[in-house]
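Welcome, and thanks for taking a look at this chain with us. Below is a friendly tour of a few local features, from helix packing to backbone geometry.

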Amino acid sequence: MTTNTVESTPQAAPPRVERVAAEPQAGDEIVVHNPATGDVIGKVPVLSPAEVVALVERARKAQKAWGALTVEQRCNRLAPVKGLLLERLDDLAEAISRENGKTLQEAMTMELMVALELLQAYLKRAPEALAPRKLPIRLAKHRGSYLHYVPKGVIGIISPWNFPFSIPFGEVLFGLLAGNAVVIKPSEVTPLIALRLRELFVDAGIDPELLHVATGRGATGGALIEAGVGHICFTGSVATGRRVGEACGRALIPCTLELGGKAAAIVCADANLNRTAQALCWGAFGNHGQVCASVERVYVDERVFPELRDRVVAITRKLRQGNPMDDVDVGALTFPPQADKIRALLQDAKDKGAVFETGGIPEPGARFVAPTVLSNVHHGMRVMREESFGPLMPIQVVKDEAEAIRHANDSDLGLLGYVFSSDTERARHIAEQMQAGTVMVNDVLASYSMAETPWQGLKASGIGRTHSDDGLRDMCECRHVNYDRFSLGDRELWWYPYSPKTRGLFKRLMRFLYGSGLTGRLG
Ligand code: NDP
């Protein structure tokens, strides 16, 4: 469906600086903790820039043979990853849960199933998606044109801590399918699972030199950008994304930037409130709210606000929170300093009159933040405008859908958006007016598991996309060949020598080609 009323996307607001990368020290290492218990679960080295360059060089050498295979041959070589992943589901889910703090069920569904679906879809689709594409040409019928897709060499992946398996997995898979080697720089908060990811590919028979993990902090990510890679896939905060974009600009390499979100959910008066309330709770509190696509704010029609609020509150009160390895619904914060950001947003909301329907302000450094539903909120509060990345659901009452759309678009972020209505046509009309890379109707988050659909942000939420055929093609140099289907003799008409005769001929030709109506064209 298309409408004429869709507003163009405004420019992003200026940057907000968040985390700053420290220079690595010799012999430096990262101690990895279980966020739910604080227990130490491993250590990894902090790689220096020289070590990162060496990894990229090794990957580049291995890429030569891999890139020379056909896409079908690469699919065949990657196929065993699927069987091995299925065998290791429990083991990997526990490793993810232990390092990241999400529940075992979330590790299964939000991480491992996403990876399996990407494998299932693209081991089949990749040959077609990467096949040369013929371009229709209107002028110069004697020439043909096509695009073909050539590996970029080494893809650098810089990934965050909230989905430490599924985010780099998709990029590794697409990078390899496209014929590249890959070097991952995982978040310092969750590096162990990236090592397990590499182990999975290597155990499945992929050349160990094709896929490397450069553990370290921000500076190691910075070093990867300058190490001679052909493309950077970065997922993380807006502030770091800007630095990464600048560094890629200096190195003149393309980058995909998947950044923060502030997804708005619009609830129309005709929505199925039972489904809507459940979707909103899962969308806001799933993965402890640490999802770039989380429901970060809700705009509900005033006619159904009391009923929606009561349903949301009832569901939220029943959620069981605790050690993610136990039978619970909500696990732990992955990155405890995040609690301070959430505290600040909630304190600001409280000071400005927000009503806490559930939850409250967490203690400084808390490992668990209670799912918190707020009402009586407005756009003067930080919680309605800044990414909270925590289990918060502020609900604002609006009088109609026009007001809801205006508020939803009042953000410098534009990753996901959601609409709830029983009238699909109406919901799609609203969806098309929302400034977001993806808008889901009557559902939340789940498009990430639909491998064929693009994951992409507008405004400060990013540049480019992952997943989908286009995401796969972005891992390649798209080259254009234009060739002669048949010859028109020794020279083209527009070549030398120039003359009044050929000028006149072109004038008549242009009238014929571009004039309107028979008289205009023949005249
Ligand atoms: P950060 O931006 O802090 O970090 C992301 C990655 O970049 C980490 O590996 C980090 O390393 C690395 N890094 C840090 N500084 C630099 C630098 N100067 N140069 C290169 N790399 C650097 O994000 P978080 O890990 O805190 O992730 C949370 C953010 O990610 C949220 O804003 C969330 O919305 C966003 N996100 C977006 C998604 C999307 O698809 N659009 C999906 C998931 C998350 P280290 O951790 O070691 O500092």
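## Helix packing

Helix 2 (residues 71–78) and helix 3 have axes that come within 5 Å of each other and cross at roughly 20°. Helices here (H or I, at least four residues) and strands (E, at least two) are DSSP runs, numbered from the N terminus. The axes are lines fitted to C-alpha atoms, for helices over the stretch in contact, with angles running from 0 to 180 degrees between N-to-C directions. Helix 2 and helix 3 are therefore roughly parallel to each other; angles under 35 degrees count as roughly parallel, over 145 as roughly antiparallel, 65 to 115 as roughly perpendicular and the rest as oblique. Asn76, Arg77 and Leu78 of helix 2 meet Pro80, Val81 and Lys82 of helix 3 in this contact, where contact means heavy atoms within 4.5 Å. The residues of the contact of helix 2 with helix 3 comprise 3 nonpolar, 1 polar and 2 charged. In this sorting, Ala, Val, Leu, Ile, Met, Phe, Trp, Tyr, Cys and Pro count as nonpolar, Asp, Glu, Lys and Arg as charged, and the others, Gly among them, as polar.

At what angle do helix 3 and helix 5 pack? For helix 3 (residues 80–87) and helix 5 (residues 104–129) the angle is about 160°, and their axes are 10 Å apart. That makes helix 3 roughly antiparallel to helix 5. Helix 3 passes helix 5 in a left-handed crossing; a crossing is left-handed if the near helix is turned anticlockwise from the far one by less than a right angle, and right-handed if clockwise. Helix 3 contributes Val81, Lys82, Leu85 and Leu86 to the contact, while helix 5 contributes Leu112, Ala115, Leu116, Leu119 and Gln120. The residues of the contact of helix 3 with helix 5 comprise 7 nonpolar, 1 polar and 1 charged.

## How the model is read

This is a predicted model, in which local features need pLDDT of at least 70 and side-chain atom pairs count only at pLDDT 80 or more, while totals for chains, interfaces and linings use all residues. Residues are numbered from 1 along each chain as its sequence is written, and side-chain values use heavy atoms, with hydrogens and water left out.

## Cysteines

How many disulfides does a search of the whole structure find? The search finds 0 disulfides, a disulfide being a pair of cysteine sulfur atoms within 2.5 Å. The sulfur of Cys75 has its closest cysteine sulfur in Cys476, 12 Å away, which is too far for a bond. Cys75 counts as buried at 5% relative accessibility; buried means under 20% relative accessible area, exposed over 50%, and partly exposed in between (1.4 Å probe, protein chains only).

Cys233 is in no disulfide either, and its nearest cysteine sulfur, that of Cys255, is 9.1 Å away. Cys233 is buried, with a relative accessible area of 2%.

## Contacts across the sequence

Val300 sits in strand 11 (residues 295–301) and is buried, with a relative accessible area of 0%. The C-alpha atoms of Val300 and Val398 are 5.8 Å apart, although 98 residues separate them along the chain. Neighbours within four places in sequence aside, Val300 is in contact with Val267, Phe305, Leu308, Ile395, Gln396, Val397 and Val398.

Is Glu477 buried, partly exposed or exposed? Glu477, in strand 22 (residues 476–484), counts as partly exposed at 32% relative accessibility. From C-alpha to C-alpha, Glu477 and Pro151 are 6.1 Å apart in space and 326 residues apart in sequence. With neighbours within four places in sequence left aside, Glu477 is in contact with His148, Tyr149, Val150, Pro151 and Lys152.

Ser187 lies in the loop between strand 6 (181–185) and helix 7 (191–203). Ser187 is buried, with a relative accessible area of 7%, and touches Ser159, Pro160 and Trp161, not counting residues up to four places away in sequence.

## Backbone geometry

Most residues other than glycine have a negative phi, and most peptide bonds are trans. Against that background, His288, which is not a glycine, has a positive phi of about 60°. His288 belongs to the loop between helix 10 (273–285) and strand 11 and is buried, with a relative accessible area of 1%.

Phe389 also has a positive phi, near 55°. Its place is the loop between strand 13 (372–375) and strand 14 (392–398), and Phe389 is buried, with a relative accessible area of 11%.

Finally, Tyr496 and Pro497 are joined by a cis peptide bond, with omega about -5°. Pro497 is in the loop between strand 22 and helix 16 (500–514).
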